[in-house]
Amino acid sequence: MQFKLKPLAQAVGLSMFLATAAQAQVSDGVVKIGVLTDLSGTYSDLAGPGTVIATKMAIDDFVAAEKPTFKVEMVSADHQNKGDISSNKAREWIERDKVDVITEMVTSSTALAVQKIAKEKNRIAIINGAGSTAITNEACNDVTVHWTYDTYAVANGTGKAVTKAGGKKWFFLTADYAFGQALEKDAADVVKANGGEVVGSVRHPFPTSDFSSFLLKAQSSGAQIIGLANAGGDTVNSIKQASEFGITPKQQLAGLLMFITDIHALGLKTTQGMYLTEGFYWDLNEETRAWSKRFFALHKRMPTMVQAGQYSSTMHYLKAVKAINSDDTAKVMAQMKKMPVNDFFAKNGTIRDDGRMVHDMYLLQVKTPAESKTPWDYYKVKAVIPAAEAFQPLSASRCPLIKK
């Protein structure tokens with residue numbers, strides 16, 4: 001008996017050692033995800049509580065399917081769209097709460113602020129809600145991934161479509177911070193490249209509720225197209241007030257960054273015929289419909305591309321951690337870049353060296369009330385914009401990590 005028990009004891013001991021050693025590679029045996037978003041302000045509908053729900057869905061699905069040896073925990077906070085609040089919370093999460101990855105960050109000022117903290121503390125930042133191309137250009141670093149969209153991609157899709165359709169003379173109504181300025185510049189470049197003309201612009205505070213003086217300047221410009229280089233509640237209010245002042249339909253509006261929640265808030269009567277560019281639409285195929293119906297059951301609203309991208313990026317991060325059994329920042333980032341992104345959000349998506357996750361985008365047109373058959377049936381897919389065309393090419397990158 002002693003002869004048989006000894007190898008058994010050795011086997012058990014070896015098994016326990018291996019299990020402990022494997023678990024020890026994920027610090028504290030816990031992977032902690034920090035969701036930093038706008039839970040109460042102008043971007044809370046397009047990101048906010050919906051991104052917290054999407055993150056929880058990804059964690060639950062990952063644990064159920066992958067059965068990891070480590071625990072996965074989540075914390076969330078409201079950054080109030082302010083860079084200093086974002087920086088302080090990021091630092092607190094990393095230093096005190098041992099958060100491994102900070103994610104979401106709608107509003108470019110918050111994303112750019114957290115990028116710096118993430119680099120300083122050697123933690124991963126995955127940005128979904130913010131759009132500024134500075135994130136993967138001047139501000140790029142080796143710990144940040146920009147997942148869902150950026151101002152180049154949405155301006156490229158919508159700006160090109162509207163200009164080619166005859167909207168040659170543009171005026172921009174722009175949110176006066178990093179995101180709005182980037183979106184205006186990217187859209188203006190596309191308009192000019194396609195034979196259009198920019199006759200002027202006006203910048204409004206972020207956020208604001210009274211657009212009257214800014215819209216009157218746009219009206220007096222004589223432009224055919226008023227390009228809205230803003231987002232969320234600012235875009236919704238711009239469109240509402242343009243209608244109230246009789247600016248539309250004499251002049252047309254182009255929402256350069258619009259979300260399905262904006263269309264829902266404004267209604268099809270007001271938004272019908274508008275072009276927009278998104279990285280996701282719930283009614284694209286069976287996969288997108290299946291996930292979106294699960295999301296709707298929890299949130300009572302169909303997902304925006306930010307919320308869908310939040311699930312996708314969280315799942316990709318967790319799969320990378322499990323694949324290498326480590327939460328080491330450099331190793332996880334290398335694995336994330338090594339693995340293609342294949343899920344309901346993106347097919348064969350890849351993370352480039354500048355941190356940009358490139359994937360197909362969609363040029364959409366808002367349906368008329370008569371064309372819409374069911375709730376949230378809002379879009380016609382006019383074109384699929386291939387990943388290679390949707391995002392800024394690396395040859396034009398201003399990211400210091402990219403060697404030319």
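Ground rules. This is a predicted model: local features need pLDDT of at least 70, side-chain atom pairs count only at pLDDT 80 or more, and totals for chains, interfaces and linings use all residues. Residues are numbered from 1 along each chain as its sequence is written, and side-chain values use heavy atoms, with hydrogens and water left out.

Start with the packing. A nonpolar core here is a set of buried Ala, Val, Leu, Ile, Met, Phe, Trp, Tyr and Cys residues joined through side-chain atoms within 4.5 Å. Buried means under 20% relative accessible area, with a 1.4 Å probe and protein chains only. The largest nonpolar core has 103 residues. Which members touch the most others? Trp147, Leu257, Tyr317, Met336 and Tyr379. Helix 12, residues 305–324, gives this core its largest share, nine residues. Helices are DSSP runs of H or I, at least four residues; strands are runs of E, at least two; both are numbered from the N terminus. Apart from that core lies another, of 17 residues, including Trp93 and Val143.

Look at Met336. Contact means heavy atoms within 4.5 Å. Beyond four places in sequence, Met336 is in contact with Ile126, Val145, Trp147, His316, Tyr317, Ala320 and Ile351.

Next, Asp100. It sits in the loop between helix 3 (83–95) and strand 3 (101–104). Asp100 is buried, yet has no salt bridge. That term needs a side-chain nitrogen of Lys or Arg within 4 Å of a carboxyl oxygen of Asp or Glu. Where is the nearest side chain of opposite charge? That is Arg123, 4.9 Å away. The Asp100 side chain does reach the backbone nitrogen of Lys32, at 2.8 Å. Its contacts beyond four places in sequence include Ser27, Tyr317 and Asp327.

Now helix 7, residues 212–220. Its buried residues are Phe214, Leu215 and Ala218. Just after helix 7, Gly222 takes a positive phi of about 75 degrees.

Last, Ala58 in helix 2, residues 48–66. Ala58 is buried, at a relative accessible area of 0%. Leaving out residues up to four places away, Ala58 touches Tyr311, Thr314, Met315 and Leu318. Ala58 and Leu318 are 260 residues apart along the chain, but their C-alpha atoms are separated by 8.9 Å.

How values were computed: Buried < 20%, exposed > 50% of the residue type's maximum accessible area, 1.4 Å probe, protein only. Lys, Arg positive; Asp, Glu negative; His and termini not counted. Polar contact = N/O pair within 3.5 Å; in protein donor to acceptor, adjacent residues only side chain to side chain.
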